[in-house]
Amino acid sequence: MKAKLESLKALFDAEIKKVSSPTDLDELEIKFLGRKAGELTAVLRGLKNLPEDQRKEIGNFANQLRGEIENAITEIRNQLSGSQKIDRFFDLTLPGTELPNGHLHLMTKAIREITEIFERIGFNRVRYPEVEWDWYAFEALNMPGDHPARDEWETFFIDDKEIGPKGKRLLTPHTSSGQVREMERKELPIRMTNISKCYRRQSDISHAPMFHQFEGLMIDTDVTIAHLKGVLDYFAKQFFGPNRTARIRPYHFQFTEPSFEVDISCGLCEGKGCRMCKSGWLEIGGAGMVHPNVLKAGKIDPKKYSGFAFGWGVERCYLMKPGLSIPDIRELYQSDLRFLKQF
Ligand code: FA5
């Protein structure tokens, strides 16, 4: 048996020298180590029939030989694949593999566009906390603790029991919470846009539990509704197109007096009324003249100063742009690349 193994070794050493391609090597491997008809495999299988005293010695020798054959085959395989790479024709002029190019999320683009439009007329972008005190989100905005108007803001509270000097903590349900913070922080006059995430216990095709609002606030001496209307018209033209205008309708908010709802003329019928808009106008959000109680909460004298504020949803506003048709607002936040790549 040992003699048979030695002749196998001599045969392998001779044959591996003749190998010149991966196919030759595969054939050699099968010839010696193949599971069915490999010559060394057959010897290894026969070990169990040897007398006890020979089995150990011959077994060791056979296993050592198998290790040597395996190593030699691996080494030659590496050499062959290395040399193949070098031999292969390499065309330097071919274009490289292009890495996929990402792009900004639709809402990031919208926020940048809105920021720039207001910057051009001197409104600077600010940001205030998303985890807010009840005081800034409601109390300072003329909505005392048990006021029913609070229900309209379907709020997420952080911990109902934890009440500090500024009330409970909550996820801010609107960017109006930045109004009094801005009044506390800044010298007058104020011209700010606060664009931020807002949270409400709402979820359907036109409501997302997390969405964005942008809030405009201007406070100075002698600010009137005419200034508000001028800014709204300016925004309508810059954001939606030169033929669009804004209109205001009476409404009610606790923190503005008088209060309005703002509509933008429909882009399809330009205010005449069509199947899409019915009335010729599309509702965009709320606005009004800052309530004297809110100015007082921000330590501003309402006899000397006045101001306007407006607050709209970024998503709803952007989806009103011509040519965009998104059936469910929540799709914006499902991170589905097939959807997001379209924009
Ligand atoms: C407010 O939040 C007021 N703070 C707006 C305001 C500011 C009025 C300043 C006066 C002065 P309202 O709840 O209507 O108002 O929300 C304003 C806009 O936010 C809505 O018109 C809508 O575009 C958007 N919005 C509200 N809830 C959601 C939601 N769950 N998902 C998406 N957009 C929403």
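Predicted model: local features only at pLDDT ≥ 70, side-chain atom pairs only at ≥ 80, totals over all residues.

Residues are numbered from 1 along each chain as its sequence is written, and side-chain values use heavy atoms, with hydrogens and water left out.

The secondary structure of the protein comes to 11 helices and 9 strands, where helices (H or I, at least four residues) and strands (E, at least two) are DSSP runs numbered from the N terminus. Along its principal axes, the C-alpha trace spans about 115 × 55 × 40 Å. The radius of gyration of the protein is 38 Å, whereas a compact globule of 343 residues would have one near 20 Å; this radius is taken over C-alpha atoms, and the globule rule is 2.2 Å times the number of residues to the power 0.38.

The ligand is surrounded by 25 residues, the closest being His174, Ser176, Arg200, Gln202 and Ala208, and a residue counts as near if one of its heavy atoms lies within 4 Å of the molecule. This shell divides into 10 nonpolar, 12 polar and 3 charged residues, with Ala, Val, Leu, Ile, Met, Phe, Trp, Tyr, Cys and Pro counted as nonpolar, Asp, Glu, Lys and Arg as charged, and the others, Gly among them, as polar. Strand S5 (210–220), strand S8 (281–290) and strand S9 (306–313) each supply at least two residues of the shell.

Some polar contacts (pairs of N or O atoms within 3.5 Å) can be followed individually. A polar side-chain atom of His174 lies 2.9 Å from a nitrogen atom of the ligand, and a polar side-chain atom of Trp153 lies 3.3 Å from an oxygen atom of the ligand. At Gly313, a polar backbone atom is 3.3 Å from an oxygen atom of the ligand. Taken alone the ligand exposes 680 Å², of which the protein buries 92%, the accessible areas coming from the Shrake-Rupley method with a 1.4 Å probe.

Leu188 and Pro189 are joined by a cis peptide bond with omega of about -5°, and Pro189 is found in the loop between helix H7 (178–185) and strand S4 (190–199). The peptide bond from Glu257 to Pro258 is also cis, with omega near -5°, and Pro258 is found in strand S7 (residues 256–265).

Methods. Polar contact = N/O pair within 3.5 Å; in protein donor to acceptor, adjacent residues only side chain to side chain.
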